[in-house]
Every structure is written in structure tokens, then in C-alpha cells.
Amino acid sequence: MSLNKEISHRGRVLAVTPEITSVEIISESACSACHAKGLCSMSEAEAKIVEAPTSGWTRYEPGQEVEVSLKAPMGHKAVWIAYVIPLFIMMAVLLGLTSSGMEELY
């Protein structure tokens with residue numbers, strides 16, 4: 001697997017400020033394109049809002065279609081920051097307090 005791969009999604013610009021551009025990305029499940037999705041109620045579509053720094057030389061307007069891309073290593077870094085590191089911190093605190101004699105109820 002190459003480390004230079006990018007993950008990209010199509011989105012729609014919601015708001016633009018001098019610092020942040022908000023983009024709405026709609027994630028759809030695999031069955032959302034099915035013609036019977038209204039009958040089986042198994043389809044899912046979830047809107048996610050991504051905030052990206054606004055570039056000074058690029059002009060975006062609300063409603064404009066854009067493509068948001070992220071390099072794969074940045075995605076891995078986000079997983080570490082959001083899930084793995086907090087898990088280690090929580091486990092260290094739990095084990096430290098338990099070994100010092102504090103009960104689990106506290």
C-alpha cells in the first residue's frame with residue numbers, strides 16, 4: 001500500500017469565513033442507491049460537516065460543489081489522536097487509581 005494515497009469526497013460549501021470554510025459531505029451506505037431504499041428502511045445517509053482553512057487565493061461561495069481530499073497518513077494521525085491516545089490515557093488513569101486502592105465505583 002502506498003503512503004501517498006488520498007481519500008477524497010465530494011461536498012457542498014456551507015459557509016465561508018476568512019479563516020474557515022465549512023463543507024458538508026454526505027456519506028451514503030452502499031444500498032442508498034437502490035431503487036427500493038424507501039421500502040426496506042435499511043439505507044443510511046449521514047451528513048458530516050468538515051471545516052478546512054480558507055485559502056486566500058481561492059474564492060468559494062455557499063452552495064458550490066467542491067472536492068475535499070486528505071492524505072492517508074493524516075487520516076491515521078486523526079485515528080490516533082481521537083481514539084488510541086485517549087484509550088491509553090483512560091486505561092492508565094483506571095489502572096493507577098485501582099492500584100492506589102480506590103474502588104471502581106468512584
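Glu24 sits in strand S2, which covers residues 20-28. Strands here are DSSP runs of E with at least two residues, helices are runs of H or I with at least four, and both are numbered from the N terminus. This is a predicted model, in which local features need pLDDT of at least 70, side-chain atom pairs count only at pLDDT 80 or more, and totals for chains, interfaces and linings use all residues. Residues are numbered from 1 along each chain as its sequence is written, and side-chain values use heavy atoms, with hydrogens and water left out.

Is Glu24 buried or exposed? Glu24 is buried, because its relative accessible area is 17%. Buried means under 20% relative accessible area, exposed means over 50%, and partly exposed lies in between (1.4 Å probe, protein chains only). The side chain of Glu24 has a partner: a polar contact of 2.4 Å links it to the side chain of Arg12. A polar contact is a pair of N or O atoms within 3.5 Å; within protein, one must be able to donate a hydrogen and the other to accept it, and residues adjacent in sequence count only if both atoms are side-chain atoms. Set aside neighbours within four places in sequence, and Glu24 is in contact with Gly11, Arg12, Leu14, Ala47, Lys48 and Ile49. Contact means heavy atoms within 4.5 Å.

Stay in strand S2 and find Ser22. Ser22 also counts as buried, because its relative accessibility is 13%. Beyond four places in sequence, its contacts include Arg12, Leu14 and Ile49. Now look from Ser22 to Thr54. They are 32 residues apart along the chain, yet their C-alpha atoms are separated by 9.1 Å.

Where does Thr54 lie? Thr54 is in the loop between S3 and S4. Its side chain makes a polar contact of 2.7 Å with the side chain of Thr21. A polar atom of the Thr54 side chain also lies 3.0 Å from the backbone oxygen of Thr17. Not counting residues up to four places away in sequence, Thr54 touches Val16, Thr17, Pro18, Glu19, Ile20 and Thr21.

Gly56 belongs to the loop between S3 and S4. Gly56 counts as exposed, because its relative accessibility is 74%.

Next comes empty space. Rolling a probe the size of a water molecule over the atoms shows where such space is left. The largest pocket has a volume of about 290 Å³. A pocket is an open set of points on a 1 Å grid over the protein atoms alone, with protein on both sides within 12 Å along at least five of seven lines; lining residues have an atom within 4 Å of a point. The volume is the space filled by probe spheres set on the points, which are joined across faces, edges and corners. Of the 14 lining residues, Ala52, Pro53, Tyr60, Glu67 and Val68 are the closest to the centre of the largest pocket. S2, strand S3 (45-53) and strand S4 (65-71) each supply at least two residues of this lining.

Finally, step back to the whole chain. How many helices and strands are there? The chain has two helices and four strands. From the N terminus on, they run β-β-α-β-β-α. Of the 106 residues, 11% count as buried. Among contacts between residues at least 6 apart in sequence, 60% join residues at least 24 apart.

Note on methods. 1 Å grid on protein atoms, 1.4 Å probe; cavity = no way out; pocket = protein on both sides within 12 Å on 5 of 7 lines; lining within 4 Å.
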